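Please open the structure in a viewer and keep the sequence at hand.

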Amino acid sequence: MSKEQLTFYFTNDLHSHFLQWPKVAAYLLHKQEIHKENRDIFWTVDIGDHVDRSHPITEASRGKANIDLLNQLNYDVVTLGNNEGITLSHDELYHLYDHANFSVVCSNLESLDGQLPAWLKRTEIKETASGIKVGFLGLTAPFNAFYELLDWHIDNEFDVLDRYINELEKETDIIVLLSHLGISVDQEIARRYPAVDIIMGGHTHHLLEKGEMVNHTLITAAGKHCFYVGEVTVEWNHEENRITKLNGYAVDLRDKIPDLHTEQYIQTLFDQSRKYLDNVIVKANKPIEVKWFANTPIIQSLTTTLRKWTKADCAMLNAGVLLESLPAGPITYGDIHRICPHPINPVLVDLKGDELIEVIRASLSTDFTELKLKGFGFRGEILGKMIFSGLDVITDFHRNGGEYVKAVYEQNGKQIDPDKTYYVATADTFTFGRLLPEIAKSTTKQYFVPEFLRDLLAETLIQQYPS
């Protein structure tokens with residue numbers, strides 16, 4: 001046998017989108033069965049962000065149900081994404097993969113308390129029956145502003161590659177990188193490290209229906225939510241001792257028939273999650289109204305809780321973080337999770353008075369309030385009206401109906417001083433991207449972890465409806 005084919009299947013960025021998972025199961029289990037019958041060489045891997053606490057099953061199990069699902073589909077190697085890394089407490093991540101039947105490879109995760117979990121591997125080498133050695137590395141995105149608050153640290157990806165790549169090159173025939181870093185970083189790695197043969201990528205939710213060759217490296221990715229599954233085939237020439245063919249593509253699963261057993265198991269997981277989600281937090285004596293384009297008592301109270309909890313001068317939250325109203329009666333943790341599902345943490349930023357006024361102006365624009373945001377932790381429909389606490393914002397309307405800021409006052413009645421520094425509490429969503437540039441570029445950001453906004457919502461309701 002002079003030539004041999006190796007096949008890799010990969011998923012990335014499921015984000016607990018479990019409606020799609022039975023289709024993934026049907027496809028992978030079918031492929032695995034065929035390969036086993038033919039005694040082919042194949043591996044199944046995941047590139048991270050399988051976990052997302054916006055789903056009630058993941059919320060209730062703190063991600064362990066996701067590991068059960070990966071186990072059921074016979075995964076071989078996974079790496080972790082930022083949703084595994086920074087939306088769980090230190091202890092929850094430390095034990096997340098305790099019952100995994102696969103290898104967890106993350107080459108750049110460090111523990112600041114000196115205790116690394118038993119499941120963590122820096123690299124993994126798989127050897128075929130014919131002697132082909134495949135080396136796996138895993139790299140995850142360095143959100144250290146969050147990781148370090150949770151007693152973890154993510155090393156720079158290039159420093160880590162410098163540390164391991166030469167050793168792997170000597171010990172293996174093929175090097176595979178599981179990259180939760182994003183497409184631009186993947187391309188740079190391919191340019192710098194010709195020894196890396198295959199990069200299976202994620203994080204930026206990019207879809208490459210056909211693999212992209214950068215120098216001698218194949219870059220692949222399968223979008224988000226597992227509407228696609230990635231597939232890579234390698235032809236290895238034993239006589240020449242090298243790869244002679246390398247192909248990658250993403251397979252569209254949207255029209256596939258789902259696996260019934262997996263659908264039933266996900267329903268079982270959901271039923272199990274009810275034990276946690278059905279816990280009653282408070283009993284409301286009247287309906288709790290939510291409106292995305294108006295100030296309601298609940299969003300105002302939540303914004304005030306945020307200000308007091310962070311000890312800020314003022315706070316601001318967009319009304320769209322609350323998705324729907326609640327009727328009078330018992331309110332469970334599941335209700336709170338349903339109306340505030342986002343994995344969003346509170347953050348405290350420093351802003352000069354003139355920057356604060358500019359943020360307020362931008363947040364009142366139609367472009368902001370009507371934005372259908374996807375990403376940055378936001379799992380709602382629309383940003384909605386910005387609500388303030390600790391500030392008195394005086395507005396008026398132009399003839400065309402647009403709202404504008406006439407004046408902004410501190411809680412004590414003094415007008416905002418353009419040169420004074422204010423401590424402003426808000427959602428960490430606004431520290432990313434270009435939604436509110438003054439907040440994103442603030443040099444002082446204090447994130448609060450592992451608490452989410454919904455934890456503050458629960459506290460707000462408990463204060464309003466004491467038992």
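**Stop 1: helices α1 and α9**

Select helix α1 (residues 21-38) and helix α9 (residues 260-277), which pack at an angle of about 140° with their axes 8 Å apart. The model in view is a predicted one. The crossing of α1 past α9 is right-handed. To display the contact, show Trp21, Pro22 and Ala25 of α1 together with Thr262, Glu263 and Ile266 of α9. By class, the contact residues of α1 and α9 comprise 4 nonpolar, 1 polar and 1 charged.

**Stop 2**

Move to Arg39, in the loop between α1 and β2. Although not a glycine, Arg39 has a positive phi of about 55°. Most residues other than glycine have a negative phi. Is Arg39 buried or exposed? With a relative accessibility of 78%, Arg39 counts as exposed.

Next, select helix α3 (residues 64-72), in which Ala65, Asn66, Ile67, Leu69, Leu70 and Asn71 are the buried residues. These buried residues of α3 pack against α1, β2 (41-46), α2 (56-61), β3 (77-78) and α9. Just after α3, examine Asn74, whose phi is positive at about 60°.

**Stop 3: helices α7 and α8**

Select helix α7 (residues 157-171) and helix α8 (residues 183-192); they pack at an angle of about 35°, and their axes are 12 Å apart. The crossing of this pair, α7 and α8, is right-handed. On the α7 side, display Glu157, Phe158 and Leu161, which meet Val185, Glu188, Ile189 and Arg192 of α8. The residues of this contact between α7 and α8 are 4 nonpolar and 3 charged, with no polar ones.

Keep α8 selected and colour its buried residues, Val185, Asp186, Ile189 and Ala190. They span an arc of only 140° around the axis and therefore lie on the same side of α8.

**Stop 4: helices α10 and α15**

Select helix α10 (residues 297-310) and helix α15 (residues 453-464), packed at an angle of about 110° with axes 9 Å apart. The two helices, α10 and α15, are therefore roughly perpendicular to each other. From α10, show Pro297, Ile298, Ser301, Leu302, Thr305, Leu306 and Trp309; they meet Leu453, Leu456, Leu457, Thr460, Leu461, Gln463 and Gln464 of α15. The contact residues of α10 and α15 divide into 9 nonpolar and 5 polar, with no charged residue.

Then look at Pro450, in the loop between β24 (445-447) and α15. The peptide bond from Val449 to Pro450 is cis, with omega near 0°.

**Stop 5: Ile336**

Centre the view on Ile336 in helix α11 (residues 333-339). Ile336 has a relative accessible area of 0% and is therefore buried. Which residues are in contact with Ile336, leaving aside its neighbours within four places in sequence? They are Ile281, Ile331, Arg454, Leu457, Ala458 and Leu461. For a distance check, Ile336 and Leu326 are 9.2 Å apart, C-alpha to C-alpha, and 10 residues apart in sequence.

**Stop 6: Phe376**

Finally, select Phe376 in the loop between α13 (366-369) and β20 (386-389). Phe376 is not a glycine, yet its phi is positive at about 55°. At 38% relative accessibility, Phe376 counts as partly exposed.

Key: Residues are numbered from 1 along each chain as its sequence is written. This is a predicted model: local features need pLDDT of at least 70, side-chain atom pairs count only at pLDDT 80 or more; totals for chains, interfaces and linings use all residues. Side-chain values use heavy atoms; hydrogens and water are left out. Axes are lines fitted to C-alpha atoms, for helices over the stretch in contact, and angles run from 0 to 180 degrees between N-to-C directions. Helices (H or I, at least four residues) and strands (E, at least two) are DSSP runs, numbered from the N terminus. A crossing is left-handed if the near helix is turned anticlockwise from the far one by less than a right angle, and right-handed if clockwise. Contact means heavy atoms within 4.5 Å. Ala, Val, Leu, Ile, Met, Phe, Trp, Tyr, Cys and Pro count as nonpolar, Asp, Glu, Lys and Arg as charged, and the others, Gly among them, as polar. Angles under 35 degrees count as roughly parallel, over 145 as roughly antiparallel, 65 to 115 as roughly perpendicular and the rest as oblique. Buried means under 20% relative accessible area, exposed over 50%, partly exposed in between (1.4 Å probe, protein chains only). The arc is that of the directions from the helix axis to the C-beta atoms.
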